[in-house]
Amino acid sequence: MVQTIFSDTIVALSTPPGAGALAVIRLSGPAAIAITATVFSKKSLLAAPGHSLHYGTLRDPETQQLLDEVVVALYRNPRSFTREDVVEISCHGSDYVVRQVLAVLLRQGARLAEAGEFTKRAFLHGAMDLAQAEAVADLIASDSALSHRVALNQLRGGFSQELRELRGRLIKFAALLELELDFGEEDVEFADRSGLALLLAEVWGVIAGLLRSFELGNVIKNGITAVIAGRPNAGKSTLLNALLREERAIVSAIPGTTRDFIEDEVSLEGIRFRFVDTAGLRDNPADEIEAIGVSRTRQRVRQAALLLYLFDLTEVTPAEVRSEIEELTEGLHLPVVAVGNKTDLASPETQASFVAAFEGPAQPVPLVLVAAGPKQGLDALQTALLAQVRGSDLENTASATIVTNVRHARALETAAAHLAAVQAGLDNNRGTELLAADLRHALAALGEITGEISSEDLLTSIFTEFCIGK
Ligand code: GDP
Ligand code: ZN
């Protein structure tokens, strides 16, 4: 048995609320088993070993009212999620039953758990580090194969391991520097300065790689917003429907009928795309409602992470399309995919002239030719979209560590800044004291990620993001 920190026992519904075949109510804490035993039909529970299952009935000890037939799973300290005694009661999944059972357990001495409190206890008892605890939340929220894989890697400690190695190597140097300071004499150098410079460069490289992965990590976790813009009747709504494979946007042959934004999500190879259909862009809006739509379109483009510029191959010239794209993305660093629509109507010569015009110039824009109506060329479009989002190296993501958490990215940035200060200190022959201080700051920033260094505020802000019962 390990020494645990908490004297109270928490309880919560751990499955989603609402009707279901089963609902699981979880208790954790020193009295988890004793409290359950007061309402459970089999008193043998008190002496039962960990990792055992018990079938029986629950009764309200005051009224003797039968509550439900249940299965009780028992885990004993320290072999449980929280490292405390844990009981999981599987009852029938009715809101009424759950409320009754919870009420009785509360009356018998349990306390309702706060958001994330089970995972917080697991962290505080050393069952997992902070990055792993956060991965629990990510794993629960993951909705694609890719986000699931990334969260699972973090939960199993891949990221934490990488950080521990970095910290371990820096700590050795920090210790030598501190030793020099303790020694107090001017000329003593225990820490080899050129070795430190090499180590800094290496650690810096690893951190830079992790920060680069955050861009992709963010996309994997939160999806990417892609705006579909273009002149009225280019086929935006038709394309959106084709991408969503269902009749969601209203398609009409009267220009300017898409006045509101229609958006929906599609998962392409594990990356969630949120496609936003916009009102048509044109220089002289036919009416005021459309003018509002146009200005909102520009606003949407500014907030998007990717622009699909759609045009009707039979209606415009390559030069017009290029200048419309330039106008729309002026001042923005926005990946663009130009999509020429209605290949079923455009002559082969027209299509060839667009291909030539988009491959030629100094700044090529990826061009895809489709027929959104008859759903032709959509595979090539998907390929082009994915290429814009993830660059060339997504294939490596199965094994590589990907930072998905903003808090981690910020801490890595802080660490990198302090390491840069150490490097500058070395370059300018600054005193040991300054080097040691900057190195300590860098170590603290790295330690914050896994929670080796943490504050109550930080823990509160992390765990309240969880839902109750986790
Ligand atoms: P939006 O104003 O850009 O949203 O354009 P819509 O999606 O409403 O389409 C305008 C018109 O073009 C509709 O009549 C569509 O059926 C038609 N259209 C869209 N895509 C194609 C296509 O690939 N081929 C042909 N022939 N017509 C298309
Ligand atoms: Zn439309």
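Axes here are lines fitted to C-alpha atoms, for helices over the stretch in contact, and the angles between them run from 0 to 180 degrees between N-to-C directions. The structure is a predicted model, in which local features need pLDDT of at least 70 and side-chain atom pairs count only at pLDDT 80 or more, while totals for chains, interfaces and linings use all residues. Residues are numbered from 1 along each chain as its sequence is written, and chains are lettered from A and ligands numbered from 1 in the order in which they are written.

The chain has 15 helices and 12 strands, where helices (H or I, at least four residues) and strands (E, at least two) are DSSP runs numbered from the N terminus. Of its 470 residues, 39% are buried, a term that asks for 20 or more other C-beta atoms within 10 Å of a residue's own, with C-beta atoms placed from the backbone. Among the contacts with a separation of 6 or more, 66% join residues 24 or more positions apart, a contact being two residues whose C-beta atoms lie within 7 Å.

One pair of helices to follow is α7 (residues 193-222) and α13 (residues 406-427), whose axes come within 10 Å and cross at roughly 155°. The two are therefore roughly antiparallel to each other, as angles over 145 degrees are counted. Their crossing is left-handed, which is to say that the near helix is turned anticlockwise from the far one by less than a right angle. The α7 side of the contact includes Leu200, Trp204 and Phe214, and the α13 side includes Leu412, Glu413 and Leu419. By class, the residues of this contact divide into 16 nonpolar, 1 polar and 2 charged, with Ala, Val, Leu, Ile, Met, Phe, Trp, Tyr, Cys and Pro counted as nonpolar, Asp, Glu, Lys and Arg as charged, and the others, Gly among them, as polar.

A second pair is formed by α4 (residues 130-141) and α5 (residues 145-155), which pack at an angle of about 155° with their axes 8 Å apart. These helices, too, are therefore roughly antiparallel to each other, and the crossing of α4 and α5 is left-handed. Among the residues that make the contact are Ala131, Val136 and Asp138 of α4, together with His148, Leu152 and Leu155 of α5. This contact has 7 nonpolar, 3 polar and 1 charged residues.

Finally, an unreviewed UniProt entry lists Ser237 and Thr258 under "binding site", an annotation that may be inferred rather than shown by experiment. Ser237 lies in helix α8 (residues 236-244), and Ser237 counts as buried because 22 other C-beta atoms are within 10 Å.

Methods: A residue is buried if 20 or more other C-beta atoms lie within 10 Å of its own, exposed if 12 or fewer, and partly exposed in between; C-beta atoms are placed from the backbone. Angles under 35 degrees count as roughly parallel, over 145 as roughly antiparallel, 65 to 115 as roughly perpendicular and the rest as oblique.
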